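The stops below are given in the order in which they may be selected.

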Amino acid sequence: MNDLKKIGLGLTGFGVFFTFLGVIFVFDKGLIAMGNILFLAGVTLTIGINPAFQFFTKRRNFKGTISFGLGFLLVVFGWPLLGLIVESYGFLVLFSGFWPTLAVFLQRIPLLGWILQQPYIRSLLDRYRGRRVPV
């Protein structure tokens, strides 16, 4: 992992942290906007500028990209609650292909993996597991 990817992961983490702080502090638009900027910068540095541009401009990702961008604009213009709802929808649409892989990764973490192996949670994860998950 090169230095740009390390910085990108750090920025992504700070973006999530600032967004969390913005929600905790009763939807503070400044913190949420800062979190959005850091998150986007972190994702861009982590995967690269050209791959990030291609990812966000793919035809199948337009709905998520537009929702995320509209939510960001709503946060900046003073509607943080509505903006976060629209952004969350865009985030889920954009990154829906990564959820099954994330579930497999989380199952390998010692304590969290044990919790995720419980019958009810496992059946829920198996129901939403996609074809792209490595076995």
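Which elements cover the buried residues of α3? The cover includes α2 (29–47), α4 (62–76) and α5 (80–94). Helices here are DSSP runs of H or I of at least four residues, numbered from the N terminus. Covering is judged by contact, meaning heavy atoms within 4.5 Å.

Before continuing, note that this is a predicted model, in which local features need pLDDT of at least 70 and side-chain atom pairs count only at pLDDT 80 or more, while totals for chains, interfaces and linings use all residues. Residues are numbered from 1 along each chain as its sequence is written, and side-chain values use heavy atoms, with hydrogens and water left out.

**Helix α3**

Select residues 49–57, which make up α3, and colour A52, F55 and F56, which are buried. Buried means under 20% relative accessible area, exposed over 50%, and partly exposed in between (1.4 Å probe, protein chains only). Viewed down the axis of α3, the buried residues fall within an arc of 90 degrees, so they line one face of the helix; the arc is taken from the directions from the helix axis to the C-beta atoms. Then turn to the other side of α3, where N50, F53 and Q54 are exposed.

**The packing of α2 and α3**

Next, show α2 together with α3. The two helices pack at an angle of about 120 degrees, and their axes are 6 Å apart. These axes are lines fitted to C-alpha atoms over the stretch in contact, with angles from 0 to 180 degrees between N-to-C directions. To display the contact, select L40, T44 and I47 in α2 and I49, P51, A52 and F56 in α3. Its residues divide into 6 nonpolar, 1 polar and no charged.

**The aromatic cluster**

Now select F39, F55, F56, F68, F91 and F95, which form one aromatic cluster. The structure holds 7 aromatic pairs; rings of Phe, Tyr and Trp (its six-membered ring) pair if their centres lie within 6.5 Å, and planes under 30 degrees apart count as stacked, over 60 as edge-to-face and the rest as tilted. F91 counts as partly exposed at 26% relative accessibility, whereas F95 is buried at 12%.

**L73 in α4**

Finally, select L73 in helix α4. L73 is partly exposed, with a relative accessible area of 42%.

Note on methods. Nonpolar A, V, L, I, M, F, W, Y, C, P; charged D, E, K, R; others polar.
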